[in-house]
Amino acid sequence: MLVKLLKCQICGHRFEVEVFDREDPREKDEPGYPVVCEKCASPRLEPVWVRRKAG
């Protein structure tokens, strides 16, 4: 499992989401559901950092 800090390009809100670790590095990260900003519901997000979740 990976944890991503995302920043909304519209309102600047920052929040974390958990995504499934991918087996093939060429695959896209799959959060399991569409990720949108928690404040303004915009899908325009940019990653700030990505960390591997312990455990």
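This report walks through a predicted model of one protein chain.

## Overall layout

The chain has 55 residues, and 24% of them are buried. It contains 0 helices and 3 strands. Read from the N terminus, the order of elements is β-β-β.

Take the contacts with a separation of 6 or more: 53% of them join residues 24 or more positions apart. The accessible surface of the chain is about 4300 Å². Carbon and sulfur atoms account for 49% of that surface.

## The nonpolar core

The largest nonpolar core holds 8 residues. They are Leu 2, Leu 6, Cys 8, Phe 15, Val 17, Val 19, Cys 37 and Leu 45. Two elements each give two or more residues to this core: β1, spanning 2–8, and β2, spanning 14–19. In soluble globular proteins, nonpolar side chains tend to be buried together.

## Leu 6 in strand β1

Leu 6 belongs to strand β1 and is a member of the largest core. Its relative accessible area is 9%; that is under the 20% cut-off, so Leu 6 counts as buried.

Leaving aside residues up to four places away in sequence, Leu 6 touches His 13, Arg 14, Phe 15, Val 17, Val 35, Leu 45, Glu 46, Pro 47 and Val 48. Two of these, Phe 15 and Val 17, are also core residues. Val 48 lies 42 residues from Leu 6 along the chain, yet their C-alpha atoms are separated by 5.5 Å.

## Leu 45 in strand β3

Leu 45 sits in strand β3. It is another residue of the largest core. Beyond its neighbours up to four places away in sequence, Leu 45 touches Leu 6, Lys 7, Cys 8, Gln 9, Phe 15, Val 35, Val 36 and Cys 37.

## Cys 8 and His 13

Cys 8 is also part of the largest core. With residues up to four places away in sequence left out, Cys 8 touches His 13, Cys 37, Cys 40, Ser 42, Arg 44 and Leu 45. Cys 37 and Leu 45 are core members too.

His 13 lies in the loop between β1 and β2.

## Charges and rings

How many salt bridges does a search of the whole structure find? The search finds 1. The side chains of Glu 18 and Lys 53 form this salt bridge, at 2.5 Å from N to O. The pair links distant parts of the chain, 35 residues apart. Glu 18 is in strand β2, whereas Lys 53 is in the segment after β3, which spans 45–52. Glu 18 is partly exposed, at 34% relative accessible area. Lys 53 is partly exposed as well, at 40%.

The count of aromatic pairs is 0. One ring does have a charge over it: the charged end of Arg 51 sits over the ring of Trp 49, 4.0 Å from its centre.

Note on methods. Residues are numbered from 1 along each chain as its sequence is written. This is a predicted model: local features need pLDDT of at least 70, side-chain atom pairs count only at pLDDT 80 or more; totals for chains, interfaces and linings use all residues. Side-chain values use heavy atoms; hydrogens and water are left out. A nonpolar core is a set of buried Ala, Val, Leu, Ile, Met, Phe, Trp, Tyr and Cys residues joined through side-chain atoms within 4.5 Å. Buried means under 20% relative accessible area, exposed over 50%, partly exposed in between (1.4 Å probe, protein chains only). Helices (H or I, at least four residues) and strands (E, at least two) are DSSP runs, numbered from the N terminus. Contact means heavy atoms within 4.5 Å. A salt bridge is a side-chain nitrogen of Lys or Arg within 4 Å of a carboxyl oxygen of Asp or Glu. Rings of Phe, Tyr and Trp (its six-membered ring) pair if their centres lie within 6.5 Å; planes under 30 degrees apart count as stacked, over 60 as edge-to-face and the rest as tilted. A charge sits over a ring if NZ of Lys or CZ of Arg is within 6 Å of the ring centre and within 35 degrees of the ring normal. Accessible areas come from the Shrake-Rupley method with a 1.4 Å probe; for residues, only the protein chains shown count as cover.
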